[in-house]
Amino acid sequence: MVRAGAGETSGLPARRAVLAGLGGVLLPGTTAGCLGPSWQEVAATSVTIATGNRRGVFDLYGEALAEVLHRRLPTVSVRTLRTDASVTNLREVHRGRADLGFSLGDVAADAIAGRGSTDEPLDLAALARTYDSFVHLVVRAGSSISELRDLRGRRVSIGAPGSGTRVVAWRLMSSVGLREDDLDPVEESLQPSADALAQGEIDAFFFVSGLPNTAVVELSERRDIRLVDLGDLVRPLSRRYGAEFTPGGVPASTYDVPAVETVSVKNYLVVRPGLDEALAYAITRVVFEDQAAIDRIAPGVPQPNVGAAIFTSPLPLHPGAARYFREQRA
């Protein structure tokens, strides 16, 4: 392996309905509910995975997935590309510079529709819906910031320019009437933001991540921090931007700080539509059947649930992934 560069649960009836909609007959050599062809039956090739901010969950999960793919698929050379996450990842996959990438759901929905951070629709598919991310608005424990409107006049890290965090942060702030000239925005990625808050150089930072976020855990061990409750913003966000935004909570045990309600965002493992079907199938198998190996490399990292994984709309499922999910019908 080579490094390069910088919720929702669904009932069984709903899952069966979607699986039925995948249609078609199982391919030769496979049977429903059983393992298909040998892991080794993948042509020699290379795969690049666009991950995310250093120490973020996209980065940790992507590194672990790459390592397990490297072990499980000996004919495949796996490379990771560390990025500023969602926006950059979608562009890299669309341009063919990456084969897979992680993205927040709202940013991915924008990308295929050609709105938001993209000027034209991007050609993308999905291998799976993965875990859900949660919006973190992190402040020092003694801060007077208790709601989003209190960011007015403050120095706030809103995420790197190519990140989904930056998109979500501005959507949140605009929902309460905050504009760019109402605060002193800093465009930094996760670890520099955590360091800046610890050193008193900023008043707050946003980050959208699965739980727990390693950088926030380590920050909480260095400084007394807390999270700002954002639960009342779920409804206006979902009304304006769609079902990618849902309610979510951060338990007190996550960072040893008071529990808060916040905004949850779906995540997708996005893929080039032209990726070889056999390879896409094999990668999907690894994602769901080698979770124990992934957890050994990145303990506690959130992993996808096969029951929710097929719900990738508005992104179409890649045929290789659809084949894998068909085989899970009982």
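Select D232 to begin: this residue is exposed, with a relative accessible area of 60% (exposed means over 50%, buried under 20% and partly exposed in between, with a 1.4 Å probe and protein chains only). The model is predicted, with pLDDT of at least 70 needed for local features and 80 or more for side-chain atom pairs, while totals for chains, interfaces and linings use all residues. Residues are numbered from 1 along each chain as its sequence is written, and side-chain values use heavy atoms, leaving out hydrogens and water.

Display the loop between β9 (225-227) and α8 (234-241), where D232 is found; helices (H or I, at least four residues) and strands (E, at least two) are DSSP runs numbered from the N terminus.

Now select strand β5 (residues 125-140), in which 15 of 16 residues are buried. Pairing requires at least two DSSP bridges between two strands.

- β11 (residues 260-271): seven antiparallel bridges to β5, with S264 as the partner of F134.
- β8 (residues 204-209): six bridges to β5, also antiparallel; L137 stands opposite F206.
- β9: three antiparallel bridges to β5, with R226 as the partner of V139.

Finally, show the whole chain: 13 helices and eleven strands, with 54% of the 330 residues buried.
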